[in-house]
2 protein chains.
Amino acid sequence: MVTMSDVAREAGVSVMTVSNVLNERLPVGAPTRARVLAAVEALGYEVNLTARHLRAGRTDTVALIVPSFHDYFGEVADQIAPLVEAHGRHLVLERTSASAQHEMEAVSVARLQLYDGVLLSVAGLDPEQLSRVRTSKPIVLLGERDVPDHFDHVRLANEEGARLATAHMIERGSRRILALGCTLDRTHMMTSDRRVGWEVAHRDAGLPVDDRYVVPIATYSSETARSTLLDVIASGLPFDGIFAATDVIALGAVAALASRGLRVPDDVQLAGFDNLEVSSFVPPGITSVDPNHRGVAQHAVGLLHRRMAGGDGPAEHVVAPVSLVVRGSTRGGR
Amino acid sequence: MVTMSDVAREAGVSVMTVSNVLNERLPVGAPTRARVLAAVEALGYEVNLTARHLRAGRTDTVALIVPSFHDYFGEVADQIAPLVEAHGRHLVLERTSASAQHEMEAVSVARLQLYDGVLLSVAGLDPEQLSRVRTSKPIVLLGERDVPDHFDHVRLANEEGARLATAHMIERGSRRILALGCTLDRTHMMTSDRRVGWEVAHRDAGLPVDDRYVVPIATYSSETARSTLLDVIASGLPFDGIFAATDVIALGAVAALASRGLRVPDDVQLAGFDNLEVSSFVPPGITSVDPNHRGVAQHAVGLLHRRMAGGDGPAEHVVAPVSLVVRGSTRGGR
DNA sequence: GAAGCCCGTTTTAACGATATTGTCTGCGAA
DNA sequence: TTCGCAGACAATATCGTTAAAACGGGCTTC
């Protein structure tokens, strides 16, 4: 490996002069500078980022830590990357498999040292565990779980989104709307917040709230959603609308409905959450709550950037606004 | 920051003893060992990975460098992660936006130092550029572009997959099959290899090959595919089957067909490539070539692991076999 | 009883960069 | 002539760790 001192020897100068030429810290005389650059070129020298990091304490790298790489998180990551790069830093992704243990390791003191800042998409850790994190580097949390107050946090307007979607279907005639993939518990998590929105929409419309219509699912996959919905259909519970907690779930619902000959939106209206790219292409187009990836990304990176620049104000808790994208799966959509 | 020498002082031993306790290199006496561990606990010491890396020349980290984080690459990444972790290493993802420049930077000497090995999904670099890469660390290439012989490389059986899909539709009655998203040129890239498979299937069946049925698209998005197919329909070119170069394209095709009232598979059979998860849920289920993510991941990680372990045999060029998953979008599927 | 050896531990020397301080030269002002 | 000062470069210490060699005391071995 070619080191700075190789270059220095080749150019007949000291290592610091090489460093000064390359980093433009202290001024270097033109002839010396030229010799150094020539030597760099001749030897093909490139800086050792690890050594720089050890000495300078800066990596120019930000980590985005997500439960998995696909679907929602992949899309968010693609939004975040250019924003981080706009600040002259690199973005790397790490994966936790949504396990609390992996998330804890990812924000351990040891791993945090590798980055100037971290965006952590919380899936497994509860507030109590999070409060035990020794936060030696700027961390901004993403996601729909509750987090301790002292963390910067960006989350979606889950309740409002679910309310919008449900109210829309009520307005378009649905009276028995399943909350597929939602949960009844009161922990502030994505699935319960969205259920609350579903509930609020019912109350607002003066409709009764029937807990039998809240249908949790075991895992958040399309396949589980499909089979769960088939069970509901088989049970004979009458319904004419489905609010799916995520578009992945909505997709499973689409498959289940189609296989039972139920027409969307004529027999059953359907709305999802996440506005995945596929949702606009699956006939008849799935009405979905747009989570505003760009906005989330901008808020998150903005907060992180402020911290990395040394900002030390109180932690901010951003609730990113969402909007409803109406498509053919609800009546009146195209 | 708590360092090893802080721990050493606390425990009344030298730093090397601390290191030996923590890394279990040289044996340490039980009482000393206990004192060290107590000190580690008391001070909350965690190793500085950067310093370790600088000294030991090992990061225990593998990078997967992809054009973008979503869809195909996100799914592959999720397959690769556990395999890398099984070898006791971490996986991180980086993104290149499919730009040749970013790909080149990602495998620069400087950046390669940060990892023990790299999996590079080639999208922007041509063989000539790749041959200029100074390969200071093990690199395994992924993807459908041609690459220089001296690189380990894992690619899909693109031609065979396209042939399978097309032959299947021919067998089930289609006679005029669009090759949507394929290209006519002869560079060995994904889009041309898949077109060749489409062509071979026609020849095998004794059907004429009509270049008008090869329909390239400007960008590989569902939206572009949708509008391109609408143009084809408007042009009046008669067709009764579509081989879509990717499932993302197939998805756009589904939307276009639906919006024109064309029924799948009755009026038009449709087959895609990639077997994305969504493809099994979009009614009536999209027949697709399964790219065998698991197999690709296993081959790639296997090759990389061998190199990282010091293996120095000749470069291997693996063509991972693919298979056809028949669904409702072709006749006879369910 | 000298030589060798084992064990547990310390000492020394890197790894490759950067921050800080120091040295030398040349030039202008007093 | 002397002093001061700035500019250009060099020397040295340092970041936190690990590899390798040195050490020293007790024990075996002949």
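**Entry 1: the phosphates of strand C**

I started at B:Ser14, where a backbone N or O atom sits 3.0 Å from a phosphate oxygen of DNA strand C. I keep in mind that this is a predicted model. Next I looked up A:Ser19, and an N or O atom of its side chain is 2.7 Å from a phosphate oxygen of DNA strand C.

Which elements give two or more residues to the surface near DNA strand C? I noted α2 (15-23) and α4 (49-56) of chain A, together with α2 (15-23) and α4 (49-56) of chain B. The most comes from α4(A), with four residues.

I found 24 residues surrounding DNA strand C, and the closest include A:Met4, A:Tyr45 and B:Thr17.

**Entry 2: strand β1 of chain A**

Then I moved to β1(A), residues 61-66. Is this strand enclosed or open? Six of its six residues are buried, so the rest of the structure largely encloses β1(A). A:Thr61, A:Ala63 and A:Ile65 are buried on one side, and A:Val62, A:Leu64 and A:Val66 on the other.

I checked the neighbours too. β1(A) pairs in the parallel sense with β2(A), residues 90-95, over six bridges, and with β3(A), residues 117-121, over four. A:Ala63 has A:Val92 as its bridge partner in β2(A) and stands opposite A:Val118 in β3(A). Finally, I noted that β1(A), helix α5 (residues 71-86) and β2(A) make a right-handed β-α-β unit.

How values were computed: Residues are numbered from 1 along each chain as its sequence is written. Chains are lettered from A and ligands numbered from 1 in the order in which they are written. This is a predicted model: local features need pLDDT of at least 70, side-chain atom pairs count only at pLDDT 80 or more; totals for chains, interfaces and linings use all residues. Side-chain values use heavy atoms; hydrogens and water are left out. A residue is near a molecule or strand if one of its heavy atoms lies within 4 Å of it. A polar contact is a pair of N or O atoms within 3.5 Å; within protein, one must be able to donate a hydrogen and the other to accept it, and residues adjacent in sequence count only if both atoms are side-chain atoms. Buried means under 20% relative accessible area, exposed over 50%, partly exposed in between (1.4 Å probe, protein chains only). Two strands pair if DSSP finds at least two bridges between them. A crossover is right-handed if, with the strands pointing away from the viewer, the path from the first strand over the helix to the second runs clockwise.
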